[in-house]
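Subject: Structure handover

Hello,

The structure you asked to take over is below.

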Amino acid sequence: MKTTKLIFALICVLSFVIDRTQAQTYYYNTTKTFNVARTLFESGYTYQCDKPDYGIITLYNKTNKYTYAR
């Protein structure tokens, strides 16, 4: 029983590590806007991708007024 729990915990940790090491390799170089017009649930949405100088990208619905609200 103890060995089973240990193996299960090891598998969980390894899957987490593998998931984190397969990160996205391409990052947006500039701020971009995406118009979504052909999907069933997102028709008419406009997404904005902000890429500031410090490198953390924010992807959000452009009509959302609470994105940068504090």
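What follows is a short account of what was found in the structure.

This is a predicted model, in which local features need pLDDT of at least 70 and side-chain atom pairs count only at pLDDT 80 or more, while totals for chains, interfaces and linings use all residues. Residues are numbered from 1 along each chain as its sequence is written, and side-chain values use heavy atoms, with hydrogens and water left out.

Overall layout

The protein has 1 helix and 3 strands, and from the N terminus the order of these elements is α-β-β-β. Helices (H or I, at least four residues) and strands (E, at least two) are DSSP runs, numbered from the N terminus. Of the 70 residues, 11% count as buried. Buried stands for under 20% relative accessible area, exposed for over 50%, and partly exposed for what lies in between (1.4 Å probe, protein chains only).

The 3 strands make an open sheet in the order 1-2-3, with antiparallel pairing. Strand 1 (32-35) and strand 3 (58-61) are at the edges and have a single partner strand each, so one side of each is left without a neighbour in the sheet. From one strand to the next, the twist averages 20° (axes are lines fitted to C-alpha atoms, for helices over the stretch in contact, and angles run from 0 to 180 degrees between N-to-C directions).

Two strands count as paired if DSSP finds at least two bridges between them. Strand 1 pairs with strand 2 (residues 46-50) over 4 bridges, and another 4 bridges join strand 2 to strand 3.

Strand 2 and Cys 49

Strand 2 is mostly covered, with 5 of its 5 residues buried. Thr 46, Gln 48 and Asp 50 point one way from the strand, and Tyr 47 and Cys 49 point the other way. In a regular strand the side chains alternate between the two faces of the sheet.

Cys 49 counts as buried because its relative accessibility is 0%. Tyr 60 lies in strand 3 and is also buried, at 15% relative accessibility. The C-alpha atoms of Tyr 60 and Cys 49 are 6.7 Å apart, with the two residues 11 apart along the chain.

How exposed is Cys 12? Cys 12 is partly exposed, at a relative accessible area of 36%. The structure holds 0 disulfides, a disulfide being a pair of cysteine sulfur atoms within 2.5 Å.

The loop and the helix

Thr 31 sits in the loop between helix 1 and strand 1 and is partly exposed, with a relative accessible area of 42%. Thr 31 and Pro 52 are 21 residues apart in sequence, and their C-alpha atoms are 7.8 Å apart in space.

Leu 10 belongs to helix 1 (residues 2-21). Together, Leu 10, Leu 14 and Ile 18 make a nonpolar surface patch of about 280 Å². Patches are made of residues with over 30% relative accessible area and no salt bridge, where like charges are joined within 9 Å and nonpolar side chains (Val, Leu, Ile, Met, Phe, Trp, Tyr) within 5 Å. A salt bridge is a side-chain nitrogen of Lys or Arg within 4 Å of a carboxyl oxygen of Asp or Glu.

Regards

Terms used: Areas by Shrake-Rupley, 256 points an atom, 1.4 Å probe, with all protein chains shown as cover.
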